[in-house]
Amino acid sequence: MIFFKRPQDEQRPEAEPEDLDLLRQRVEGADLPEHVLKVALKELDKLQKTDPAVAEYAIGTAYVDFLLSLPWNHFTVDNLDLDRAQEILGQAHHGLQHVKDRILDYLAVRTLCSLQAFRVLVVDDEEIARTNLEYVLRKDGHQVDTAVDGQEAFDKLRIKEYDLVITDLKMQKMDGLQLLEAIKKISPHTETIMVTGYATVTSAVTALQKGAVTYLSKPINMAELRSLVSSVKERRRHMQMTRGPILCFSGPPGTGKTSIGRSIAQALERRFVRLSLAGLRDEAELRGHRRTYVGAMPGRIIHEIRRLGVKNPVFMLDEIDKIGQDFRGDPASVLLEILDPEQNSHFMDHYLDVPFDLSGVMFIATANGVERLPRPLLDRLEVIQFPGYTEREKLAIARHFMIPRQLEEHGLRGRDVSFSEETILTIIRGYTREAGLRHLERELAAVCRKVARLYLTAKDSQGPGEIPPDVIPELLGPPRYTFEVTEARSRIGVATGLVWSELGGEIIFVESTRMRGSQQLILTGSLGTILKESAQTALSYVRSHAEHFGLDPDFFRDSDIHIHIPAGAIPKDGPSAGITIAVSLLSLLMQRPVRRDVAMTGELTLSGRLLPVAGVREKILAAQRAGVSTVIFPQRNESDIRLLEEDVLMDIDVVLAEGIEQILDKVLEPAQGS
Ligand SMILES: Nc1ncnc2c1ncn2[C@@H]1O[C@H](COP(=O)(O)OP(=O)(O)OP(=O)(O)O)[C@@H](O)[C@H]1O
């Protein structure tokens with residue numbers, strides 16, 4: 001529900017040189033906050049003296065027009081109905097219970113906050129003034145306490161938190177300004193309105209400088225006071241709802257991060273906007289350009305707020321992990337400011353040049369992985385993991401959510417078209433290899449397109465009924481993926497590893513070979529520094545334990561060893577391939593083939609111990625997708641594995657090991673010919 005009328009850009013005429021008066025009328029008639037009104041009027045005064053033919057004139061009128069088009073006071077009212085929210089989240093998403101719970105918790109807190117009375121402390125040494133204010137504010141439903149001077153107020157503030165203090169300036173014990181200073185120290189979130197019978201400009205300015213919201217002169221205009229108090233109350237409600245960490249959804253592509261953001265907006269009845277930060281290098285893209293040249297523009301945050309016409313949308317900042325940094329400033333530092341509820345109530349866009357209150361916006365960040373985020377930014381975020389789906393979950397999501405949507409979008413609803421479970425599994429297994437559902441959705445859409453065409457060309461205009469699995473290759477072409485692991489044979493020097501990337505878990509093959517040479521370790525496959533070091537560690541471990549494995553201790557003397565990890569064009573890094581490299585080397589040197597259907601992960605130390613790894617769930621899901629039957633994890637990952645649902649561990653044997661020696665006989669087949 002929109003609370004105030006939304007500004008409609010198209011209805012606003014662009015300011016022509018001759019209609020400065022019209023512009024002034026619009027400024028005076030608009031419900032602009034005081035600080036914006038002042039800036040707009042000052043700009044109009046300047047324009048009055050400017051020649052309409054010069055560029056500054058056009059810049060100035062466009063600026064005033066821009067000020068008028070922003071939703072300074074426009075917001076939607078939240079729907080805090082928990083049951084309804086639960087229903088909306090459930091209707092659009094399968095599973096993801098931890099995310100849904102977090103959102104419902106948030107709504108519950110918001111509801112309680114909004115039910116809490118607004119607490120006001122009235123401080124005045126004149127009894128009549130005090131009682132008058134108390135009476136009026138109580139009538140408006142606020143919870144009011146009183147104090148006769150600054151000292152008494154200070155004592156009350158120490159034992160109870162107030163939202164607002166309305167204080168007289170001149171008082172015997174501790175005057176208004178001293179009280180204001182004390183409030184800023186002991187209760188920084190409490191707001192203050194200064195009331196004075198001797199409203200000199202200096203005392204008012206000092207009060208404002210020290211952090212008072214505003215000042216009122218006696219005798220108080222009660223209507224003005226009441227509207228001021230209710231606007232402070234409204235602002236604090238907005239602050240309360242967003243204080244606390246910003247949610248950050250982290251997970252591989254297609255795991256539902258964006259769509260659940262959309263559902264949150266729908267549940268709250270807020271507007272939704274999504275802004276991708278991928279590749280953003282220039283701070284000005286977020287914060288705008290200064291208004292010194294004709295093409296200057298506001299930043300993308302303010303631009304989107306203006307486009308939406310409300311100041312409290314759900315604002316999704318997509319791919320914050322892909323944000324760049326270079327000589328044109330640091331966009332991540334602007335993000336820090338935007339996401340900090342203490343600072344974003346006066347967000348400064350360079351073009352706008354007056355603070356805009358972003359504290360009502362519900363920001364949600366998304367990232368494929370949060371490891372690369374700057375620490376201060378990460379500290380502001382509450383990271384919620386979207387770890388990818390099991391085959392069973394994909395099947396359920398496809399059946400209950402994606403297929404009905406695709407049928408609808410392709411005009412096939414109610415036309416006797418359906419997908420059997422086996423058909424969906426054929427598509428999942430043969431045409432997708434992903435943690436999320438992006439490709440699956442695309443393939444289902446492709447099937448629906450073909451079926452729509454078949455439907456129209458069929459003479460009898462009959463729907464095809466249930467689509468059998470064996471027609472899928474006719475519709476989508478030959479399967480693109482096979483169970484690469486189970487279908488390949490075990491080979492010497494080729495070990496199967498499990499790695500985690502931003503796309504989810506994946507399997508890799510580490511290949512080793514030895515040739516005559518001069519003790520060189522050749523590493524290829526776009527390996528990063530950590531991976532290269534893992535390879536060196538693995539080789540040193542094998543060399544230093546050669547005799548223990550029955551190997552010639554001088555095996556490296558006249559040899560070169562080459563380790564390669566396909567696909568060569570994709571950069572790889574991380575420590576968790578240590579065990580796989582060591583197994584590949586041992587297989588090569590001991591001439592024992594590595595079992596292809598055993599996949600492993602773990603950081604290797606020089607003494608052969610295995611250190612725990614991250615991304616356990618994602619790695620096991622990747623093993624499942626590839627048809628691996630046994631996975632090897634470091635013992636210290638046991639607690640992570642215990643937390644996994646049954647579904648994730650289905651058809652997979654998990655072997656836990658402290659050191660590499662414990663697993664050799666499980667991974668290596670007997671030497672050939674032995
Ligand atoms: N749990 C789920 N239940 C129902 N549908 C889902 C679920 N998870 C994902 N989807 C569907 O999968 C598709 C892809 O999801 P979405 O675009 O939200 O992914 P994403 O995580 O935001 O991806 P990216 O990181 O690439 O932006 C959408 O159509 C979404 O509705």
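Visitor: Which residue in E2 does Val120 stand opposite?
Guide: Val120 stands opposite Val144 in E2. Please keep in mind that this is a predicted model.

Visitor: How many bridges link E1 and E2, and in which sense do they pair?
Guide: Strand E1, residues 119–123, pairs with E2 in the parallel sense over five bridges.

Visitor: In what order do the strands of that open sheet come?
Guide: The order is E2-E1-E3-E4-E5, so named for five strands whose pairing is parallel. At the edges stand strand E2 (143–147) and strand E5 (214–217); each has a single partner strand, so one side of each is left without a neighbour in the sheet. On average, neighbouring strands of this sheet are turned by 20° against each other, direction ignored.

Visitor: And what holds strands together in a sheet, in general?
Guide: Strands of a sheet pair through backbone hydrogen bonds, and the pairing is either parallel or antiparallel.

Visitor: Which strands does helix H8 lie across?
Guide: Helix H8 (residues 176–186) lies across E1, strand E3 (164–168) and strand E4 (191–196). Its direction is at about 160° to E3.

Visitor: Changing topic: what span does helix H6 reach?
Guide: Helix H6 covers residues 127–139, which is 13 residues, and reaches 18 Å from its first C-alpha to its last. That is close to the 18 Å expected at 1.5 Å a residue. After H6 comes Gly141, whose phi is positive, near 95°.

Visitor: How is the chain divided into domains?
Guide: The domain assignment gives domain 1 (9–69), domain 2 (116–242), domain 3 (246–385), domain 4 (391–476) and domain 5 (494–667).

Visitor: How far apart are the C-alpha centres of domain 3 and domain 4?
Guide: Those two centres lie 36 Å apart. Four residues of domain 3 are in contact with five residues of domain 4. On the domain 3 side that touches domain 4, two residues are nonpolar, two are polar and none is charged.

Visitor: Where does the ligand come in, and which residues are closest to it?
Guide: The ligand is surrounded by 17 residues, and the closest are Pro253, Gly256, Lys257, Thr258 and Ser259. Domain 3 and domain 4 each give at least three residues to this shell.

Visitor: Which helices supply the shell around the ligand?
Guide: Helix H11 (257–268), helix H16 (391–409) and helix H18 (438–457) each supply at least two residues. The largest share, three residues, comes from H11. By class, the shell has five nonpolar, nine polar and three charged residues.

Visitor: Which strands does H11 lie across?
Guide: H11 lies across strand E6 (246–250), E7, E8 and strand E11 (362–367), and runs at about 170° to E8.

Visitor: What is the order of the open sheet with E6, E7, E8 and E11?
Guide: Five strands form that open sheet in the order E7-E8-E11-E6-E12, with parallel pairing. Strand E7 (272–276) and strand E12 (381–385) are at the edges with a single partner strand each, so one side of each is left without a neighbour in the sheet. Neighbouring strands here are turned by 25° against each other on average, direction ignored.

Visitor: What is the bridge partner of Val273 in E8?
Guide: The partner is Phe315. E7 and strand E8 (residues 314–318) pair in the parallel sense over five bridges.

Notes:
Residues are numbered from 1 along each chain as its sequence is written. This is a predicted model: local features need pLDDT of at least 70, side-chain atom pairs count only at pLDDT 80 or more; totals for chains, interfaces and linings use all residues. A residue is near a molecule or strand if its C-beta atom, placed from the backbone, lies within 6 Å of it. Helices (H or I, at least four residues) and strands (E, at least two) are DSSP runs, numbered from the N terminus. Ala, Val, Leu, Ile, Met, Phe, Trp, Tyr, Cys and Pro count as nonpolar, Asp, Glu, Lys and Arg as charged, and the others, Gly among them, as polar. Domain bounds come from an automatic or database domain assignment. Two strands pair if DSSP finds at least two bridges between them. Axes are lines fitted to C-alpha atoms, for helices over the stretch in contact, and angles run from 0 to 180 degrees between N-to-C directions. Two residues are in contact if their C-beta atoms, placed from the backbone, lie within 7 Å. The expected span of a helix is 1.5 Å times one less than its number of residues.
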